[in-house]
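Visitor: Hi! I'm new to this and would like to look at a protein together. Can you walk me through it?

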Amino acid sequence: MTDVAQLADVSPSTVSLYLRKPEAVSPAASQSIAYAIEKLNYVPNFMAGGLAAASSRAVSILVPSVRNAFFAETVSAMQAALRKERLQVILGHTEYDEREEEDLVRMALSWAPAAIVLTGLSHSAVTRRLLARTSVPVIEIWELGGPQIGAAVGFHHDQVGIAAAEHLFKQGRRNLVFLGARMHEDRRAKMRCDGFVACARAAGVEVEIVEHAAPASVEVGSTLLQETLRLHPQTDGIFCSNDHIALGALFACERLHIAVPKQLAVIGFGDLSFSAACNPPLTTIRPSGDLIGCEAARLIIENLAGNRSQDKLTIDTRFTVLHRRSS
């Protein structure tokens, strides 16, 4: 840092301030410091010296799966908004494991992050204690309806299941099946399933659940559809835990010469990039993952500006049923 200060012709404290709060440094000094950092290939150690007393410019985001396009959309939107404020994202992958989340939260806290973003509202007691002892802002995303650690941005997954059931009822379907994957770990998929089942039962319709222990994939969806037809040949409507499962089901229907939607209506969840382009275009439920990311980033930025009033705020980003030709 001393070398940067000398080359930029400023004090080390000005360099430190620039690294922590660049907007507080004059444009001329900022330009000189930025040039010196680039010229010297300087990499700041945010845990050293005076910088350790303040939060870093890093935001820790923990998601269950980096393979899941839902979370990729949210992280991308969040990163784009945070980058404008010179905040960098550190991404952690929990694989739906609460113990792994604990370890990642410990690691994140050791770096004094500007904020920590967690996926969902279900966390271990250890994680809750760790975060209760810190002043680091916490944002929980992708779920509403349970005890919050900090602000929550998302929607009610059981209501997604209700919307799917109501849509199938409108199409005259009464022999319903839910296709799910990894529901012993994916709590939010289980909530969608529960909402679907509860709505159907309230209408006097029983729902069969066909699930697979592996992560959701097109292959798993194809397998589940074939299993559904073997166990419940009268099925005329299915709701899939996500669009990958639904796409696999559509592929299996094509191979088996099952007319969609005439013989079988199919609904997915996610509105992934292929959903409108597959054959037939997939009826699905869009969760607005990009809006979740934008709203979470906004809360973080406002918090850093001194607005702590949103600590227990709840933002409902809702969802949209997209009726296409698969139902």
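Guide: Happy to! Let's begin with one term: a residue is called buried when its relative accessible area is under 20%, exposed when it is over 50%, and partly exposed in between. Also keep in mind that this is a predicted model.

Visitor: Okay, then is Glu143 buried or exposed?

Guide: Glu143 has a relative accessibility of 1%, so it counts as buried.

Visitor: And which side chain does Glu143 meet in a salt bridge?

Guide: Its partner is Arg187, with 2.2 Å from N to O. Glu143 sits in the loop between strand 4 (138–141) and strand 5 (151–154), while Arg187 belongs to helix 8 (residues 187–202), so the pair ties together parts that are 44 residues apart in sequence.

Visitor: What about Arg187, how accessible is that one?

Guide: Arg187 comes out at 35% relative accessibility, so it counts as partly exposed.

Visitor: How many salt bridges does the count come to?

Guide: The count comes to 13 salt bridges. One of the others joins Arg324 and Asp271, whose closest N and O atoms are 3.1 Å apart. That pair links distant parts of the chain: Arg324 is in the segment after strand 12 (320–322) and Asp271 is in the loop between strand 9 (265–267) and strand 10 (284–286), 53 residues apart. Asp271 has 18% relative accessibility, so it counts as buried.

Visitor: Which residues are linked in a network of salt bridges?

Guide: Glu73, Arg286 and Asp290 are linked that way.

Visitor: Now something inside a helix, please. How far apart in helix 9 are Glu227 and Arg230?

Guide: They are three residues apart in helix 9 (residues 218–231), which means about one helical turn separates them. An α-helix has 3.6 residues a turn, so residues three or four places apart point the same way. The side chains of Glu227 and Arg230 meet in a salt bridge, 2.7 Å from N to O. Glu227 is partly exposed at 29% relative accessibility, and Arg230 is exposed at 57%.

Visitor: Let's switch to helix 5. How many residues has it?

Guide: Helix 5 (residues 98–110) has 13 residues. From its first C-alpha to its last it reaches 19 Å, close to the 18 Å expected at 1.5 Å a residue.

Visitor: Which residues of helix 5 are buried, and what covers them?

Guide: The buried ones are Glu101, Glu102, Leu104, Val105 and Ala108. Their cover includes strand 1 (58–63), strand 2 (88–93), strand 3 (115–119) and helix 6 (125–132).

Visitor: What caps the N-terminal end of helix 5?

Guide: That is Asp97, which has a side-chain oxygen 2.9 Å from the backbone nitrogen of Arg99. Just after helix 5, Ala112 takes a positive phi of about 45°.

Visitor: Last one: where is Ala213?

Guide: Ala213 is in the loop between strand 7 (207–212) and helix 9. With 57% relative accessibility, Ala213 counts as exposed. Leaving aside residues up to four places away in sequence, Ala213 touches Arg182 and His184. The C-alpha atoms of Ala213 and Gly172 are separated by 31 Å, and these two are 41 residues apart along the chain.

Notes
Residues are numbered from 1 along each chain as its sequence is written. This is a predicted model: local features need pLDDT of at least 70, side-chain atom pairs count only at pLDDT 80 or more; totals for chains, interfaces and linings use all residues. Side-chain values use heavy atoms; hydrogens and water are left out. A salt bridge is a side-chain nitrogen of Lys or Arg within 4 Å of a carboxyl oxygen of Asp or Glu. Helices (H or I, at least four residues) and strands (E, at least two) are DSSP runs, numbered from the N terminus. Buried means under 20% relative accessible area, exposed over 50%, partly exposed in between (1.4 Å probe, protein chains only). The expected span of a helix is 1.5 Å times one less than its number of residues. Contact means heavy atoms within 4.5 Å. A polar contact is a pair of N or O atoms within 3.5 Å; within protein, one must be able to donate a hydrogen and the other to accept it, and residues adjacent in sequence count only if both atoms are side-chain atoms.
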